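Dear colleague,

Please find below the structure that I am handing over to you. My notes on what was found in it follow directly after.

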Amino acid sequence: TNFSPGMEDARSRLQWASLRATTRPEDIAYSLFGIFNLYLPIMYGESAENALGRLLSEIVSRSGDISVLDWVGEPSPFHSCFPAHVTSYLKLPSPLPQPIAEEPETILQAEQPVSPSLTLRMLYRSLTKLPLPRFLNRRLILPCITYRVAAIQRRKTSPSTRNYTYRIMASGLKPLEIALPEKLEDVTMSQGALLLVRPWHSKLLCPFTDSHATTEEQLLFTLEQPFNALLLTELPHNEYRRIASSNLIATQAMDPSSILKSKVRILDIV
């Protein structure tokens, strides 16, 4: 595989690197500095998790690339949104499956107090005004669309299964199932409320090839598509922490009406 120095297609570069073996664990991250056209201090003796964390934080800070958040496995002590090992990028994201079907889609009603077109225009303006994701002082400043988790239900699994499976219901999203390496009850009891979030980057609003589609139609189409979500738990002082999952959390908006109620926020994740 040949990569020109730069940050384009960051996740594919990390997936390629996940198969590499080096004498020192931290050298895996150091060997990628040139591929990403980055010049960072080499500090032999630091942990591999710290070296990888420094690399990923620099990628996010300079490019705002949110594809590096698509991984499964053990979280890094450097930051909860980063993996402990580059091997977590080995599996490429597969085509997103449809979440569990439960309720038929509803159609936007013309008699709504605020017209759907006006609401979509306001949502579009909110999204276009968002800054790029960035990493600052060990915090990921993440623009996103948030969905409050309303209920969780643990599924029965075989005693030999190492993961815990949960059915999650969040406001505005179709019900979904996720697999976690730890009991979700333990996390929620010791911390706070749960959120599912859709990380946002301005490139998600790239113009369509269909020149006849209005801005509102393009936005609605984009937000109707399945996406990979992050599961977060709320901490004190308006901070959040990612809960690592054993599978990519593929989900989708419940219906067009729920899209009109989308909540755009900028979260501090530690």
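This is a predicted model: local features need pLDDT of at least 70, side-chain atom pairs count only at pLDDT 80 or more; totals for chains, interfaces and linings use all residues.

N238 sits in the loop that joins strand 6 to strand 7. Its phi is near 60°, which is a positive value in a residue other than glycine. H237 belongs to the loop between strand 6 and strand 7 (239-242) as well. The phi of H237 is near 65°, again positive although the residue is not glycine. As a general point, most residues other than glycine have a negative phi. H237 has a relative accessibility of 73% and therefore counts as exposed.

**The chain as a whole**

The protein chain has 270 residues, of which 47% count as buried. Its secondary structure consists of 7 helices and 9 strands. Among contacts in the chain with a separation of 6 or more, 65% are made by residues 24 or more positions apart.

**Helices 1 and 3**

Helix 1 covers residues 10-17 and is mostly covered, with 6 of its 8 residues buried. These buried residues are A10, R11, R13, L14, Q15 and A17. They pack against helix 2 (27-30) and helix 3 (48-63).

Helix 3 has 16 residues, which should span 22 Å at 1.5 Å a residue; its end C-alpha atoms are 22 Å apart, so the two values agree. The buried residues of helix 3 are A51, L52, G53, R54, L55, L56, S57, I59 and V60. Their cover includes helix 1, helix 2, strand 1 and strand 2. After helix 3 comes G64, with a positive phi near 70°.

**Helix 4**

Helix 4 runs over residues 116-128, which makes 13 residues. From its first C-alpha to its last it reaches 18 Å, close to the 18 Å expected at 1.5 Å a residue. Which residues of helix 4 are buried? They are P116, T119, L120, L123 and L127. Seen down the axis of helix 4, these residues fall within an arc of 95°, so they line one face of the helix. The general rule behind such a pattern is that an α-helix has 3.6 residues a turn, so residues three or four places apart point the same way. The elements against which the buried residues of helix 4 pack are strand 2 (139-154), helix 6 (215-224), helix 7 (256-260) and strand 9 (263-269).

R134 is part of strand 1 (residues 134-136). Its relative accessibility is 36%, so it counts as partly exposed. In sequence R134 and R62 are 72 residues apart, while in space their C-alpha atoms are 7.5 Å apart. When neighbours within four places in sequence are left aside, the contacts of R134 are V60, S61, R139, L140 and I141.

Y240 lies in strand 7. Is Y240 buried or exposed? With a relative accessibility of 3%, Y240 counts as buried, because the class takes in values under 20%. Y240 and D268 are 28 residues apart in sequence, and their C-alpha atoms are 6.2 Å apart in space. Beyond its neighbours within four places in sequence, Y240 is in contact with several residues, including L195, L232, E234, R265, L267 and V270. D268 is also one of the residues in contact with Y240.

**Enclosed space**

Rolling a probe the size of a water molecule over the atoms shows where empty space is left. How many cavities of 30 Å³ or more are there in this model? The count comes to 3. The largest cavity holds about 60 Å³ of space. It is lined by 13 residues, and those nearest its centre are A229, L230, R242, S245 and I249. Strand 6 (residues 227-235) gives the largest share of this lining, with 4 residues. Sorted by class, the lining of the largest cavity has 8 nonpolar, 3 polar and 2 charged residues.

Yours sincerely

Methods: Residues are numbered from 1 along each chain as its sequence is written. Side-chain values use heavy atoms; hydrogens and water are left out. Helices (H or I, at least four residues) and strands (E, at least two) are DSSP runs, numbered from the N terminus. The expected span of a helix is 1.5 Å times one less than its number of residues. Buried means under 20% relative accessible area, exposed over 50%, partly exposed in between (1.4 Å probe, protein chains only). The arc is that of the directions from the helix axis to the C-beta atoms. Contact means heavy atoms within 4.5 Å. On a 1 Å grid over the protein atoms alone, a cavity is a set of points where a 1.4 Å probe fits but cannot get out, and a pocket is an open set with protein on both sides within 12 Å along at least five of seven lines; lining residues have an atom within 4 Å of a point. Grid points are joined across faces, edges and corners, and a volume is the space filled by probe spheres set on the points. Ala, Val, Leu, Ile, Met, Phe, Trp, Tyr, Cys and Pro count as nonpolar, Asp, Glu, Lys and Arg as charged, and the others, Gly among them, as polar.
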